Amino acid sequence: MLNNFKHFTIRQITFAVSLSAAALFLLLYLSFKLLWSYDQALDRSKDRQRFELERVKTILRMEEEELQASTEDYAAWTTMARYVTTPNDTFVAESIGPHAFSSKQIDAIAIFDAESQSVWGGAFSDDAVVNMPFFTLEKQEILERVLAKVKSTSTEQIQSFAEYAVYDNSVYMVVSSRICLSSGKDCKYGYLLFIRKIRPETIAEMETSTGVGIDIYPAQDNAVAKPNTTILYRDNVVAAGSKVAIEVTHNEVLPEFLPRAEVAALTLFALITFAFNLYVVTRLVKPLKTAQRNLEQFQTSGGRLTSEDIFISQEMRSFARQLNSLITELEEKRAILRKQSTIDSLTEIANRRLLYEKGQELINDLKYKHIAVVLIDVDHFKLYNDNYGHVQGDGVLRRVAKTIDAIETPYEKLVSRYGGEEFCVLLASDRELNIESYVAEIHSSIEQLHIEHKFSPTTSSVTVSIGAMAGVLDSYQQLTTWFQYADQALYEVKNAGRNGYKIRS
């Protein structure tokens, strides 16, 4: 075989060897990528897309639960139950005015009696409440579909359901609940619907919280997801068989086997490999004088490069300053957005999302083993809201939150609003927790606020019931059990007459 090269010039042999080296590099790289690295990159990318999808599902659940809480707040109201039994214009004017719609971000409300007959329906338009039916609810078959789930529930205790509907080519979230007494029991008086349109600004907030693109629209038949998108479907409660599509455009893009940038980089590297080998072989076979000329030429090029390098350095310094300025600005905006997504807007303390994130940080990242969960519930807050009004009720929640947050403890602490009138304190330490005095101080501090509550069956002022659980956790997954134990302790305090606390360990 070597005899075949006898008729080639040194230049031709040098070219062939250099070309073979570049081809061998490309062959080895593509084999490695095909057999190992590409599959791993694809699996990692799919895992990140699944994580993005879970974030979207979590945000949707939070939106649904928030509207459910608002619906149950109004549905568990003795005055509402009386209104269904004996309708009157005064109740609508005083209790279902523009404030009820704007504060809860509701577009329409519908009230039905126990026989599914319409009592009142209204929509919010141009800052005014307009009496009108919604979703063509006067059609019995549509009304039965909307109320199907809530009708199947027991009348003993309030329960709500969040569903989706399409009306006039727009998507709405519809929450249905039985109408009960203020205690949340004896739910036989009728049905309440809260209807909220899913607007572009709502979707924009969800995109900010999740970091992915989201589009919610009436689903078309045989819809096919575009590349790097996933479509979640929800039943359209208004039209049997139709769906609502929640299209998620992933920030994480599945990698191509050979994207254009990589092809360009491989081509460039192959050319560099070819040129390098060509240069090396040439250097080996060329006479010393030729090598010297090449060295002098390289030295000359190096001189020009040195001059050019000084020029680039100035640009890079300017670029670095601009980049640092941009990064600082982005970090400030990111901090603002994070605060909006993790701070409860009413009480200005942490919300449930930040509570879970902090718990994961304390247990998984900081390796704290001694963890305590303290659940605090404002006693008879429903009665307070019903009699003093929601504005004063909001003021009570703010004062309670501020009081709890101000109480000092030697342990790592996060105070959050857990939901409605319930608060949660997460404590962590690397040594055994003794929270008796801390819990007692929370209880007494709220009592010492002396907030009048003459409608409370317990005392004449606002008090709290507290359930707590403290002990050693081995993993973040066990934190759910701590919440359950704390909730059981809170339940026992309530059963014992409220205005007290109990600590489990």
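Of the protein's 505 residues, 40% count as buried, that is, under 20% relative accessible area with a 1.4 Å probe and protein chains only. This is a predicted model, in which local features need pLDDT of at least 70 and side-chain atom pairs count only at pLDDT 80 or more, while totals for chains, interfaces and linings use all residues. Residues are numbered from 1 along each chain as its sequence is written, and side-chain values use heavy atoms, with hydrogens and water left out.

Now for a look at Glu252. Glu252 sits in the loop between β9 (243–249) and α7 (260–285); helices (H or I, at least four residues) and strands (E, at least two) are DSSP runs numbered from the N terminus. Glu252 counts as buried because its relative accessible area is 17%. Its side chain makes a polar contact of 2.8 Å with that of Ser45 (a pair of N or O atoms within 3.5 Å, where one must be able to donate a hydrogen and the other to accept it, and residues adjacent in sequence count only if both atoms are side-chain atoms). Leaving aside neighbours within four places in sequence, Glu252 also has Arg48, Gln49, Glu52 and Asn228 among its contacts (heavy atoms within 4.5 Å).

Here are some whole-protein values:

| Item | Value |
|---|---|
| Helices | 13 helices |
| Strands | 14 strands |
| Contacts joining residues at least 24 apart, among those between residues at least 6 apart in sequence | 67% |

Methods: Buried < 20%, exposed > 50% of the residue type's maximum accessible area, 1.4 Å probe, protein only.
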